[in-house]
Amino acid sequence: MNRAWDSDGDPLVALQAGDPALFEAFVAAESATFLGFFRRLGAKPAEAEDLVQEVFLKLFRHAETYTPTGRFPAFAFRIARNAWIDRSRRHAARPRLVRGDGDEDEGSLFDDQPVDGPTPLALAERGEEAGRVRDALQSLSEGQRLVFELGVIQELPYVEIARLLEIPEGTVKSRMFHAVRRLREVLEGDSTEGPELQREG
Amino acid sequence: MSTNPDETRRADEELLAWLLDEDTRGRTPRAELEAQGEQVAERLGDWDAFVQRCRVELAEDASADVAQTSGLEERILARTTREDVSWRGDWRLLRGFLGQRLGASVVLRVVAASLLVHIAALPVLAYYTYLAPEPETVIQFDLPVGEAELPFRDAEPEPQPEVDEIELSGLPLDDPAALPKADALYRERLAAGVESQDALSSALLAEALLDATEAGEGDREELAGALERLERAVRGSALTDEAPALRALLASAWLRASAAQALDADEILTASCERWLGQAEALRGARWYAAYLRAASEERAR
């Protein structure tokens, strides 16, 4: 996040005090943050926009009962992560493609982009470095992707990532290492294996 | 660094933690970490460079996403701090809800489209109904009226058996083979019935004629009444085949009354009587004339 919302003021506390200006500033500053968060997790553009709206709506509705117990960005990302989990459950309830070898496709019937990452050919065709990194992210497991997103992009401390994801701090370290190494393998080509879906690391 | 893969991995995890976790970084200065060896410093630099590269490239990617997004911030604010709570807000919420539901259900979209088509077709249907001629039927509302019950009942007259009904009873009409026999029986009964009616009519005529004949000797009013009764008896008679003779006799009664100056005879009636008198031969075969002669004879004898 661009600003330290704890030191500048908690948007939800300000809302409780009847001042919507801070929340509006939060929306203006962090819409792109959450949009990128959901896009990097694998959401399509329109879906990512819906999820961003959902996050801000939930935050707004939480204002009445909100009690600050930690850093506000961590709270906001917890809401975002829950929204993503809900979305994943909805997708899981949809019919799935089953390949001839019996492996289940993680995408729904209507997804045009598989979640388990692009092939090297697809990466080469794309030719955009930024797009390559995001595509490479899709080769990570969801747990690794979340840890990488929160640690590398959102720069949350490990202890908050552990609390947010409800996993031990050691697991955060391990997942982060595997996520970064895997990305290097995919992006720099120093892996003897092709890009494939890794299971929870 | 160790050549043990597990140890190498743990070392890399710690390096990454130092790079990414501010708490870890706060506990160990970079110089202290790099002092562990040249290889550690090199790997730290590698990880650092890679992490920074990912951050930069993903930030550019996020900027491209944001550039493609239009009005996201406004939409969020419109549903949160700037939510319209007036009727326009209600309408917007309703519209949003309908849009959301329609977007989620194909069946609902089909139903909504069908509803719109029906609504659109309604004015057209009404127009053609307006153009069509009105039916001429008139709707009437009648109260159901039950059969009126009279407080008393008229005594119904005894049904008089008609000749044909009497004649048909007992005839073998069901057997086609016996139909000729039934026909003969019917004709026989019919003749008997006619004969009995003839006899009745003859008796009435004879009596009326006798009254008319004898009334002429009394006063004129009695003669006129007798002639009137005679006339009614003639009109009520079914003896059409004997009508000329009957009228002849009636004419003779008129003539006699005229000659006796009991009644002012009409010229036309007189002329008719003269013509009918020429047919007096017909009187001889008539049963009623025989009855008249018999009654007159008995009267004279008395």
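## A walk through a two-chain model

Let's start at one spot: A:Thr33 is buried, because it has 20 other C-beta atoms within 10 Å. The word has a cut-off: a residue is buried if 20 or more other C-beta atoms lie within 10 Å of its own, exposed if 12 or fewer, and partly exposed in between, with C-beta atoms placed from the backbone. A:Thr33 sits in helix H3 (residues 21–41) of chain A. Helices (H or I, at least four residues) and strands (E, at least two) are DSSP runs, numbered from the N terminus. Along the chain, A:Thr33 and A:Met1 are 32 residues apart, yet their C-alpha atoms are separated by 6.5 Å.

Before going on, some ground rules. This is a predicted model, in which local features need pLDDT of at least 70, side-chain atom pairs count only at pLDDT 80 or more, and totals for chains, interfaces and linings use all residues. Residues are numbered from 1 along each chain as its sequence is written, while chains are lettered from A and ligands numbered from 1 in the order in which they are written.

Now for chain A as a whole. Its secondary structure comes to ten helices and two strands, and read along the sequence the pattern is α-α-α-α-α-β-β-α-α-α-α-α. Of its 201 residues, 40% count as buried. Contacts come up a lot from here on: two residues are in contact if their C-beta atoms, placed from the backbone, lie within 7 Å. Take the contacts in chain A with a separation of 6 or more, and 55% of them are between residues 24 or more positions apart.

Next, find helix H9 (residues 158–165) of chain A, where A:Tyr158, A:Glu160, A:Ile161 and A:Leu164 are buried. These four cover an arc of only 160 degrees around the axis, so they end up on the same side of H9(A); the arc is that of the directions from the helix axis to the C-beta atoms. What do the buried residues of H9(A) pack against? They meet helix H5 (72–93), helix H8 (142–153) and helix H10 (169–188) of chain A, together with H1 and H2 of chain B.

Over in chain B, the secondary structure comes to 13 helices and zero strands. Buried residues make up 18% of the 302 residues here. Among contacts in chain B between residues at least 6 apart in sequence, 57% join residues at least 24 apart. The buried residues of H1(B) include B:Leu15, B:Leu16 and B:Trp18. Their cover includes H8, H9 and H10 of chain A, along with H2, helix H3 (30–34) and H4 of chain B.

So how do the two chains meet? The contact takes 33 residues from chain B and 36 residues from chain A. On the chain B side, helix H1 (5–20), helix H2 (22–27), helix H4 (38–68) and helix H5 (72–79) each supply at least two residues. H4(B) gives the largest share of that side, 14 residues. By class, the side of chain B that touches chain A has 14 nonpolar, five polar and 14 charged residues. Here Ala, Val, Leu, Ile, Met, Phe, Trp, Tyr, Cys and Pro count as nonpolar, Asp, Glu, Lys and Arg as charged, and the others, Gly among them, as polar.

A nonpolar core is a set of buried Ala, Val, Leu, Ile, Met, Phe, Trp, Tyr and Cys residues joined through C-beta atoms within 7 Å. The largest one has 61 residues, and A:Phe38, A:Met176 and B:Leu16 have the most contacts inside it. H3(A) supplies its largest share, nine residues. Leaving out residues up to four places away in sequence, B:Leu16 touches A:Met176, A:Phe177, A:Val180 and B:Trp47.

Finally, how confident is the prediction? pLDDT is the predictor's confidence in each residue, from 0 to 100. Chain A averages 78, and chain B averages 72. Among the elements of chain A, strand S2 (residues 104–108) has the lowest mean pLDDT (42) and helix H4 (residues 45–62) the highest (92). In chain B, confidence is lowest in helix H12 (residues 267–277), at a mean of 50, and highest in helix H7 (residues 106–131), at 93. The model scores ipTM 0.71 and pTM 0.50.
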